[in-house]
Every structure is written in C-alpha cells, then in structure tokens.
Amino acid sequence: MQNFIFKNPTEILFGRGMIAELGGRVPANTPVLLLYGGGSIKRNGVYEQVKTALKNHRVIEFGGIEANPLYETCLKALDQVKASQVGFILAVGGGSVLDAAKFIAAAARFDGADPWDILRSSGKHVKTALPLGAVMTLPATGSESNGNAVISRQSSREKLALASGVVFPVFSVLDPETTFSLPQKQVRNGVVDAFVHVMEQYLTYPAGAPLQDRFSESILQTLIETGPVTLVELRNYEARAAFMWSATLALNTLIGCGVPQDWSTHMIGHELTAFYGLDHAETLAIVLPGILKHELERKKAKLEQYGQRVWKVRTATRAIARTEKFFHSLGMPTRLRDYKISAAEAAEKVRVRFAGRNTVLGEHGDLKAETVAAILRARA
Ligand code: NZQ
Ligand code: ZN
C-alpha cells in the first residue's frame with residue numbers, strides 16, 4: 001500500500017427531512033448565494049424546503065447552471081458573489097450545480113489574473129475558497145463529498161477538472177426523496193457514473209490493499225443489485241437510499257487511499273462530452289470497456305479478481321463482457337455508432353488534443369495520445 005493522507009471534511013446529513021437542518025448549518029451572519037440549475041428544484045419542492053429552512057438568512061439566488069456547467073455562466077455568478085459580498089455558497093441540485101459552486105468559490109478568492117488558470121492548472125494554485133455546502137438531488141458524481149469540479153468552456157470546447165482540498169463542501173444534505181423526480185435517464189447515468197468511479201480506483205493492479213479492494217467490490221455489488229431496482233421503482237426509498245450512499249462512497253476519497261488509480265476513462269470521456277455533447281456517463285460506458293480490453297494483460301490480475309468476486313466468472317474477458325452487459329441492462333449504449341459519431345473522427349480529435357497537452361494516462365502513466373486514438377477507433 002502506498003502512503004496516503006486521508007482527510008474528508010464533509011459532514012453528511014442523510015435521510016428524509018434533513019433539508020430542515022440547513023438553518024443551523026448555513027452561517028447567518030453573511031449573505032448566502034443559493035446556486036441552482038435549470039429549475040428542477042422548483043418543480044419538485046426542494047426549493048421551497050430550502051427557502052423555509054433559510055427563512056432567517058439573507059439569500060441571494062442565481063439559477064441557470066447548465067448540465068456540464070459552463071465557465072461563462074460561472075463568471076456571471078462570480079460577479080454576483082462579488083457585488084453582494086457573498087460569504088457562503090449553497091449549491092442545490094446535481095453534480096453540475098455543485099461543481100459550479102466549487103469553481104465559483106475558488107475563483108472568488110483567487111488572486112491570479114485569469115480564473116481559467118484555476119482549471120488549466122487542475123486546481124494546483126487554489127489556496128483558499130469561500131465555504132460552500134450542498135443539497136444534492138442527483139446521486140452520481142460523488143461531488144457532495146470530494147474536492148473535485150469539472151467545468152466546460154463554451155468558447156473553446158474544453159472540459160477541464162480541478163481538484164483541491166479547499167473546495168470540499170462543509171456539509172451535504174442527501175435526502176433520497178429529493179431524487180424521486182429524476183428522469184429515468186439520469187438514474188441510469190448516475191448508476192453508471194458511480195460504477196465507473198469505483199472501477200477507476202480499483203481496476204489497476206494488486207497493490208497490497210485488501211480492504212480497499214473489498215470496499216470497492218461491495219460498492220460495485222450494491223450498484224449491481226440496486227441499480228436495476230432504482231431504475232424502475234423510481235419512488236422506492238430503500239433502493240434509492242442504497243444507491244445514493246453508494247454514489248457518495250464511490251468517490252469520497254476513501255476507496256482510493258493508498259492505491260494506484262487509472263482515470264483514463266474519465267479523461268477521454270470528458271473530451272467526448274466537450275466535442276459531441278454526450279452526457280458524462282454516456283461517454284464512460286463507451287470508453288471503459290475499450291480501456292479494459294486494451295489493457296487486459298496489464299490489468300489481468302485485478303480483472304480476474306473482479307470477475308470472480310463480483311460477477312462469479314473466471315476469466316478477465318468474461319468480466320469485461322459482463323460489465324458491458326450490465327451497462328446494456330440499464331439501457332446504456334456502449335458504442336460511438338449508437339450516437340452516430342464517427343469513431344475515426346472522434347479518435348483524431350482526441351488524439352490532437354491530448355498530443356497538444358502532452359497528456360499521458362493510465363495507472364502506469366504511459367497511455368499516449370496515439371494509444372487513446374486506437375482505443376477510441378475500436379469503440380466504433
Ligand atoms: O438543471 P436542473 O433543472 O436542476 O436539472 C438537472 C439536469 O438537467 C436534472 N436534475 C438534477 N436533480 C434532479 C433533476 N431533475 C429532476 N429531479 C432531480 N432531483 O438532471 C440533469 C443533469 O444534472 P447534472 O447535475 O448535470 O448531472 P450529474 O449530477 O450527473 O453531474 C454531471 C456533471 O458532473 C461532472 C460531470 O463531468 C458533469 O459535468 N462530474 C463531477 C465529478 C466530481 N465533482 O467529482 C466527478 C464525475 O466524474 C463527473 O466528471
Ligand atoms: Zn464520473
């Protein structure tokens with residue numbers, strides 16, 4: 001096991017009615033920015049609950065954060081934060097709203113000239129940020145309990161991530177009932193996203209970390225069990241609660257402690273969203289089987305362990321096939337042709353971009369742009 005520092009400062013408030021706890025958690029002595037998306041919170045009663053809980057607070061609202069949140073929109077919210085001397089940001093919505101809140105919180109305290117530098121440097125220069133909290137209405141990203149944010153820039157068609165210990169939410173409210181209004185497609189996306197988060201921290205090579213392996217396998221098994229249930233029983237509280245907690249634990253930094261990680265599926269997936277507008281999870285379902293197939297030999301030991309413990313199959317090849325089949329069972333396509341995207345074109349676009357940035361991916365840090373292009377061509 002490699003050395004690690006484990007620090008997750010987010011307090012989780014989990015369960016029915018927990019939005020009422022906001023009043024005591026959000027600071028009352030400073031203006032609060034209530035950040036939200038395209039309006040789902042106004043249709044499902046979450047907005048009302050939040051406003052009631054914050055009736056004694058000075059709340060400024062900013063709505064309209066997009067799915068795959070735009071840098072351009074975040075800058076408008078940043079203007080509002082500065083003009084109103086906001087001292088706390090409350091994100092209410094899915095991962096996109098929360099990611100936007102993290103970026104705005106970092107940008108508000110950033111002393112560099114250009115806020116895009118925060119993303120260009122993956123958050124390395126972020127020293128401090130406004131405090132933020134969240135009411136998370138979509139189980140998927142794990143953003144409710146990590147220091148990551150992914151922001152898209154419309155003008156350049158880029159999608160870049162930041163990671164920083166200072167943008168962890170102070171608290172996150174997770175009430176599974178707030179997710180009952182999710183369209184089936186978002187539930188499907190959430191199950192796949194959480195599944196792939198576990199895979200990117202688990203499916204590398206044996207690293208003397210048996211507990212992390214068991215954590216990962218238990219989250220995968222829970223997603224395999226509850227995913228199909230929560231996808232059809234949209235108001236089944238127990239199933240949704242199990243799914244929601246799985247999504248949080250999949251990316252709250254616990255299972256990744258001291259182990260090699262491989263975020264290549266996510267990095268390639270971000271480019272597919274940037275170029276073609278696919279949902280985040282749609283890109284992951286295309287790319288992950290391609291990475292596993294291409295890296296079969298180097299990942300063989302873990303693929304076999306995964307196959308035997310999670311799917312009860314013996315070989316690495318079968319483990320990959322079961323993974324893809326699981327995505328299909330959720331109604332998730334796994335090929336570029338399913339979206340009428342030319343694999344040759346996508347491969348070339350991503351190759352040029354990664355070559356320009358000298359990007360290398362994978363747990364060994366040696367997957368170059370050419371290799372990524374070959375993997376994408378195989379996902380036609
Ligand atoms: O905008 P509104 O109207 O709120 O509607 C949203 C949006 O249209 C809707 N929605 C959310 N909660 C709802 C709801 N509709 C009905 N009922 C509810 N309870 O769902 C749509 C999608 O929302 P979005 O926030 O975009 O989805 P998700 O949570 O999957 O977030 C995706 C973003 O997170 C990034 C992705 O790249 C993508 O930009 N990621 C962030 C990560 C992180 N911070 O750690 C890790 C992930 O790997 C991922 O990259
Ligand atoms: Zn993801």
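On a 1 Å grid over the protein atoms alone, a pocket is an open set of points with protein on both sides within 12 Å along at least five of seven lines, whereas a cavity is a set where a 1.4 Å probe fits but cannot get out; lining residues have an atom within 4 Å of a point. Grid points are joined across faces, edges and corners, and a volume is the space filled by probe spheres set on the points.

The model is predicted: local features need pLDDT of at least 70 and side-chain atom pairs count only at pLDDT 80 or more, while totals for chains, interfaces and linings use all residues. Residues are numbered from 1 along each chain as its sequence is written, chains are lettered from A and ligands numbered from 1 in the order in which they are written, and side-chain values use heavy atoms, with hydrogens and water left out.

**First stop: the second largest pocket**

Select Asn68, Leu70, Ser152, Arg153, Gln154, Arg157, Glu158, Lys159, Thr273, Ala274 and Gly277, which line the second largest pocket. Strand E6 (148–153), strand E7 (158–163) and helix H10 (264–276) each give two or more residues to this lining; helices (H or I, at least four residues) and strands (E, at least two) are DSSP runs, numbered from the N terminus. The volume of this pocket is about 210 Å³. Colour next by domain, with bounds from an automatic or database assignment: domain 1 (11–178) and domain 2 (183–377) both contribute to the lining, so the pocket lies between them.

**Second stop: the zinc ion**

Select ligand 2, a zinc ion, with its protein donors Asp193 (OD), His197 (NE2), His266 (NE2) and His280 (NE2), at 2.0 to 2.1 Å. Donors are N, O and S atoms within 2.8 Å of the metal (3.2 Å for Na, K and Ca); water is not among the atoms, so sites may look incomplete. Along the chain the donors follow the spacing D-x3-H-x68-H-x13-H. His197 in helix H7 (residues 184–202) and His266 in helix H10 are 69 residues apart and link distant parts of the chain. Buried means under 20% relative accessible area, exposed over 50%, and partly exposed in between (1.4 Å probe, protein chains only). His197 is buried at 2%, and His266 is buried at 6%.

Select Met199, Glu200, Leu203, Asp262, Ser264, Thr265, Leu288, Ile291, Leu292 and Lys299 to outline the second largest cavity, which has a volume of about 40 Å³. Helix H11 (280–294) is among the elements supplying at least two lining residues, as are H7 and H10; H11 gives the most, with three.
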